[in-house]
Amino acid sequence: MSSFDLISATNGTRVHQWIPVRPGPHTRVVYLEDALYGEITLGTDHRIGGLWQDLDNFSLGELITVGYGPEATCMMKNLDPRTDEVWEIRSKDPKPQIRIFGRFCAQDVFVATHATYRDHLGNPWESKFEGNHWPQEILRCRQIWEQLCQGAAPHNGRSINDYISANVVEVGKLA
Amino acid sequence: MTISPQMSWKSASSLEDISLDPATLGYFHGLAQSEAHAIVLSLFQSLSGDKKITRAFIARRLDKSPEQVTRWLSAPGNWTLDTLTNLLLAMGHRPKFSVEKLSDIRQSNYHHHAVSMNLTDALNLTVTPKSDDSYALSTRMEDGPIRVNKVEYRI
C-alpha cells in the first residue's frame with residue numbers, strides 16, 4: 001500500500017482532512033495528524049485564525065512560494081536534508097510564528113504531522129547541540145510518519161511541480 | 001466558547017449583531033495579506049518575463065536593498081498599504097480595491113480527487129432541524145425538554 005492509500009484510509013481517525021474555512025476550489029489537500037487537528041480546530045484566538053488562513057491558502061490552490069536550504073523567506077520549505085522529504089508550512093503572521101511539519105503522500109496532498117512555535121526551534125545555523133532544534137523536529141516528523149504510514153515512503157519528486165502541480169513559485173528562481 | 005473554523009466563516013457572513021471572534025478576525029487579516037502578496041507576486045512574474053522588471057530594478061526604484069525586495073516577494077509578512085502601493089508603483093501599477101459579499105461566495109465544484117466532500121457545503125444545502133416534534137414526543141423515554149439536534153450529512 002502506498003502512503004497515500006494508508007493516509008486516505010485513516011482519515012477521520014488518525015488523520016483528519018482539513019476542510020477549508022472559505023468556499024472555493026479545493027484543489028490541494030492537507031491531512032492533519034489527530035492531535036494536531038485537535039489543537040488547531042479548538043483554538044479561538046487571533047493567531048489560530050491566521051493559521052487557518054495559511055491552511056486554506058494551500059488547500060484552495062492559492063499562490064505558494066517554496067524555498068530550499070538557505071532561502072530564508074517563503075511560505076513552504078523543503079528542509080535539509082532534502083532526502084528526508086520533510087517540509088514545513090511557515091505561518092508567519094501574526095506573531096508568534098508557527099511551523100507545521102509534514103510530508104507529501106502524493107502530488108498536492110500534504111500530511112501535517114506536528115507543529116511548533118518558531119521561537120522554540122532556535123538558530124538553524126548552530127549545531128543541534130547548541131540550540132538548533134530543527135533536526136529534532138525532522139526526526140519527530142519521521143517518527144509520526146512511521147506510525148501513520150507503517151514504513152511506506154513519502155512522495156518524492158524531481159521538480160517542484162511533482163509536489164505542487166500548479167500556482168507555485170520557487171523563491172530561488174525569481175528574476 | 002468554542003468556535004470551529006467553518007463556524008467562523010458563517011458567523012462573519014451572517015451580519016448578526018454580535019462581536020466577531022478573534023480567530024475570525026485573524027483569518028481575514030491573514031487572507032487580506034495573502035491576497036495582496038499574490039497580486040504583487042503574480043504581476044512581478046508576468047512582467048519579469050522580458051527581464052526588464054527584476055528584484056534589483058524594484059530595489060533601485062524604491063531605494064531599498066534587493067534582499068528586502070526578495071523578502072517582500074517571497075511571503076506576505078506584515079505588509080502595510082504603503083508596502084503594497086510602493087511595490088506596485090515600482091512596477092508601473094497602482095492598487096485598485098474591490099469588495100465582495102461573503103454570502104455571495106459559492107462553493108466550487110472543482111476538487112482534488114482525495115477530497116472528502118461535505119455534502120451540505122458542496123450542494124449549498126441548508127439542513128434545518130425538524131420542527132414537528134410530535135414523533136419525538138410519542139417515543140420519548142426520558143423526562144425533561146426535548147433537545148433539537150443539529151443534523152449534518154457527510155459522504
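Trainee: Why is B:Ser14 called exposed?

Mentor: A residue counts as exposed if 12 or fewer other C-beta atoms, placed from the backbone, lie within 10 Å of its own, as buried if there are 20 or more, and as partly exposed in between. B:Ser14 has 11 other C-beta atoms within 10 Å, so B:Ser14 is exposed. The model is a predicted one, where local features need pLDDT of at least 70 and side-chain atom pairs count only at pLDDT 80 or more, while totals for chains, interfaces and linings use all residues. Residues are numbered from 1 along each chain as its sequence is written, and chains are lettered from A and ligands numbered from 1 in the order in which they are written.

Trainee: Where is B:Ser14 placed?

Mentor: B:Ser14 sits in the loop between H1 and H2 of chain B. Its C-alpha is 7.7 Å from that of B:Ser103, although 89 residues separate the two in sequence.

Trainee: Why is H3(A) called oblique to H2(B)?

Mentor: Helix H3 (residues 46-59) of chain A packs against H2(B) at an angle of about 45°, with the axes 6 Å apart. Axes are lines fitted to C-alpha atoms, for helices over the stretch in contact, and angles run from 0 to 180 degrees between N-to-C directions. Angles under 35 degrees are roughly parallel, over 145 roughly antiparallel, 65 to 115 roughly perpendicular, and the rest oblique. H3(A) is therefore oblique to H2(B).

Trainee: Which residues of H3(A) and H2(B) meet?

Mentor: Among them are A:Trp52 and A:Asn57 in H3(A), and B:Tyr27 and B:Leu31 in H2(B). Contact requires C-beta atoms, placed from the backbone, within 7 Å.

Trainee: How many residues does each chain give to the contact between them?

Mentor: Chain B gives 45 residues and chain A gives 42 residues. H2(B) contributes the most to the side of chain B that touches chain A, with 15 residues.

Trainee: What is the largest nonpolar core?

Mentor: A nonpolar core is a set of buried Ala, Val, Leu, Ile, Met, Phe, Trp, Tyr and Cys residues joined through C-beta atoms within 7 Å. The largest has 61 residues, and those with the most contacts inside it include A:Ile7 and A:Tyr31. Helix H2 (residues 22-47) of chain B gives the most to this core, with seven residues.

Key:
Helices (H or I, at least four residues) and strands (E, at least two) are DSSP runs, numbered from the N terminus. Two residues are in contact if their C-beta atoms, placed from the backbone, lie within 7 Å.
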